[in-house]
Amino acid sequence: MNKVLGNKKAIALFILPAVILFTCLVFIPLIWSFVYTFFSGQPGLDFKFAGMKNYARIFADKTLWVTVKNNLLYVVVVGGAQIILGFLIAMLINFGVKKHQNLVRTLLFVPVVLPGVAVAQMFIKIYAITPQYGLLNSFFSAVGLDSLVKGWIGDPKTAMLALIIMDIWKAVGMYILVFYSGIIELPEDSVEAARIDGATTWQIITKIQIPQLKPVFRMAIVICITACFKVYDSPVALTGGGPGTTTMMPSMYMYNTAFNYAQFGYGSVLAVIILIECAIFTFVVGRIFKTKDGE
Amino acid sequence: MKDSRHIVSRSISMILIAVLLIAAIYPVLWLILCTFKTQTEFTMNSAFSLPKSFNFENYIKAWNTGNMGTSFVNSIICTAGSMLLIVITAVPLSFALAKMKWKHRSNINGYILIGMMVPIQVALIPLFTIYNKIGFTNSRIGLILIYTAYSLPLSVTLLTGFFESVPNEMIEAAVIDGCSIYQVVGKIVFPLMTNSIMTVLTLQFMSSWNDLIFSQTMISKTEMQTIPTALIMFNGSYGQVDWGPLFAAMAIAVVPTLVLYMFLSKFMIRGLTAGAIKG
Amino acid sequence: MKLKKVTGSLIAAAAAVALMAGGTVPVSAAKKDAGKEKTVHFLTAWNEDKDTTAVVKQLTEEYNATNPETPINLEIEVVAQSDMNQKLSVLAASNDLPDLFVTGTQEYIEKYVDQGILKNIDDVIAEQGVTSISDEDRQAILNLTKLDAMYVMPTNKNIEGIWYNKQIFKDNGLDVPKTMDEFMDVCAKLSDAGIQPMAVAGKEQWPLTRLIGAYATQAGGNDLLVKANAGEVSWKDDAFLEAYKWIAEMGEKGYMGEGMTTVDSDTQNSLFTSGMAAMCYNGSWFTESLSSDQNTLGENVGFFAFPTVKDGKGTANTYTTSYGMYMCVKNDSYDDAMGAWLGYIMKNFGNKGMELHNWITPYATTEDFDMGYFTKLLSDATESEGAASVWPEYAMPTSVQDVEYQGAQMVALGQMSPEDYGTSIDDAWAMVQ
């Protein structure tokens, strides 16, 4: 079997198209941007070698650390919620819906499909306080919780929460899909054997299905969290990073720096920081899953 | 006793799912209702108000202003192309990473993973410079290659994750039966993975269909534009936006996505049952 | 067997897509004499039926009609204004800037001029005998772009001030306020009557800084902002602190409405035109909304300059004046054909801008136009004794501008002290290399 699975010609054939495409269009630009981190100014205009100056600037840059802090909060809450809710709802559909599973899954996936700008506008209306109370404020007003009526996206204390809820809503459908695909491919025999042995549903879920879904979990966590680290469209569309910098994210700051402030070199440094965060995280996750498996 | 508990838990699930469905669907309905509203209605009236009339003015304006006819065709070509290419490139790679035995497996895995860790905006200048030099700007094939390359990390991660759950025994059995590696992939693994591949295809469709940043950067000729660039046409000066036509344009853009997703989901079911029989 | 079918259909599909993708695309309408025709690639922020693009497009059509031997083929590319800098950066890096493009970012214009990328418009004006731009406007533009010659073509002449709902004022027995004390009094009375005094698009940040700037100018004199942008005056100067305190007071007393930082331009304008807010600080561009169906107030709208401040060094009737986004011409693309065309555009921009949008532009009009009620208000305002001023960010590097924008929201919300705000702007300036 190892001969078949170790067939060098086949391996080359399988991996080369993807690797070549990736190298040319993703990796090379990446290295190129990394080279840019040692320059200041704008490519084509006034690009000058600047050595480590851009890197030294990181430490004095207060805005950067504000965005990193915002981002970490976002990653933990949104990332965590998307994974946990995605899994729970997928299980719910699997167990709770016997007919029309496809329809339910399709409908729950709909938010993922909507353009980010449309979703942001809709939530701006939901959170609105002027000229009319939006959905949320109307609800609070109707049930007598007038103290909770506020301009959600305009208040520094609640803007982040407003963003978080919107993003969980938008993307959870995708993780429902991912977990669902994983769940339906789980072998039925282990479940049946366990039932015959008298295991409860809870035991089946925790002791058999979750462990079997480990690769799915690992994969979903990596995808979800790296996406959260890089988040750009939602905060820009919903709050523009405001009020002040309360919802500003590193990628938005990076975009502004690279293009609006004409400091592409420093912007590239910020991208490197995001990359390092993702890399550290992925490494940690890989370790956690490895030790548990004992692979 | 067991039955009544069963019914209670079932009912609770149903209610939960109903709530989730409403939360998920309401926005699409809202979007569609908005496409019938006039500018003032949208800004001033309550979010849940119904439009005064169901005129299709906004749709007509959207189609004409946004140059929708051409944009639609371009979007379809670029998206379909990238969907095809992602299957051709990502599936074999993922299989090799998940199941085959070779020395640099984890290195390549990490290599591809790096692509997922960087915000794409920073690659724009180098990428455009490359494309400009080789003449790939303003070309659909250029966009197709970009969409595929930048989805590789996600697609490969998804597929390897799903591939790992394919039991090795099945592959062993096939090998013992005398299958070559290509036969193993084609006859055994591929049919089992239909479901996951469809997932990847759906995600690929969405990210290509909705991409703005790459098409805005690489394309400057109107006849090559894709749908998202058409959506910019409704921006006025000093922050004013034509909401009616913009939402109508979005509705036009969203519908194929939904239709495709429903279609692909049906396919997934078929793949499911086939897999179950084999499994 | 299944494998064959699958690969077969895959190959067929791939071939089909490759054919379509690589296929030739109909080239945009090439005129008969391709040699004589000059193609101009115009990168703009608005679609061809809007704003400056509409003006340029229609003028080009008229020009081609009167100059059939040397027509200009205008290729319009639209990019969202918020992404314009990104697109220009990418193009500049490949030395591939478009022939004509629109930008408002000061530091990029400086860089382009340094690299000799932009055509000197004064030369074009001289060559083509353009007389439509007054010396006064030209000098103002030189000051704004901090250059010694005109390298940009303006598109608008906007003056900014406070628009008010005449009916509401009448119903509440209010007079047009001339001093800040009167203004605050008006706000208090409106607020007591349950009417929102002022609609402010706090979400977009710059409307707040415009108000701050207008106050600071009144307090510290017309050259305060110029000096501050040149580094001669700190952003913590007393005049500035007074301005910051005022905006905080406006926010605290609710004179800018509930949820001010959730309001965008559209909503701000709608609040005013629907009669929900009594006043709105806005520029000439507002006339477009006012002339549209959205305006339920009709001609019950008036305009007055930002009030004077007690013991302030500013002049009464000072209007912040700006020239819109600028059009820039690439040096390498410039030739006689383009020169003739640009000359035509500059000579007729005034007429066309007025005809299409009721715009007042720095290009003189050569015909009589019915300006429309709202533009007339503005025109009358500028004819009275007064002054023009700049806005706070006019020469700020964008990195500093962002700090100033973000802080403005926080100060108006009472979340940042005026002193801290001033310091943050000074610090941001210091960080600019």
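Which residues of chain C gather in a patch of negative charge on the surface? They are C:Asp237, C:Asp238, C:Glu242 and C:Asp311, where a patch joins like charges within 9 Å among residues with over 30% relative accessible area and no salt bridge. C:Glu242 has its place in helix α11 (residues 238-252) of chain C and is partly exposed at a relative accessible area of 36%, the term covering values between buried (under 20%) and exposed (over 50%), with a 1.4 Å probe and protein chains only.

This is a predicted model, in which local features need pLDDT of at least 70 and side-chain atom pairs count only at pLDDT 80 or more, while totals for chains, interfaces and linings use all residues. Residues are numbered from 1 along each chain as its sequence is written, chains are lettered from A in the order in which they are written, and side-chain values use heavy atoms, without hydrogens and water.

Over all chains there are 15 salt bridges, each defined as a side-chain nitrogen of Lys or Arg within 4 Å of a carboxyl oxygen of Asp or Glu. Among them are these:

| Salt bridge | N to O distance |
|---|---|
| C:Asp335 and C:Lys38 | 3.4 Å |
| C:Asp185 and C:Lys189 | 2.9 Å |
| C:Lys376 and C:Asp380 | 3.3 Å |

C:Asp335 and C:Lys38 link distant parts of the chain, 297 residues apart; C:Asp335 is partly exposed at 32%, whereas C:Lys38 counts as buried at 16% relative accessibility. C:Asp185 and C:Lys189 are separated by about one helical turn because they lie four residues apart in helix α8 (residues 180-192) of chain C.

Note on methods. Patches are made of residues with over 30% relative accessible area and no salt bridge: like charges are joined within 9 Å, nonpolar side chains (Val, Leu, Ile, Met, Phe, Trp, Tyr) within 5 Å. Accessible areas come from the Shrake-Rupley method with a 1.4 Å probe; for residues, only the protein chains shown count as cover. Lys and Arg count as positive and Asp and Glu as negative; His and the chain ends are not counted. The place of a charge is taken as NZ of Lys, CZ of Arg, CG of Asp or CD of Glu. Helices (H or I, at least four residues) and strands (E, at least two) are DSSP runs, numbered from the N terminus.
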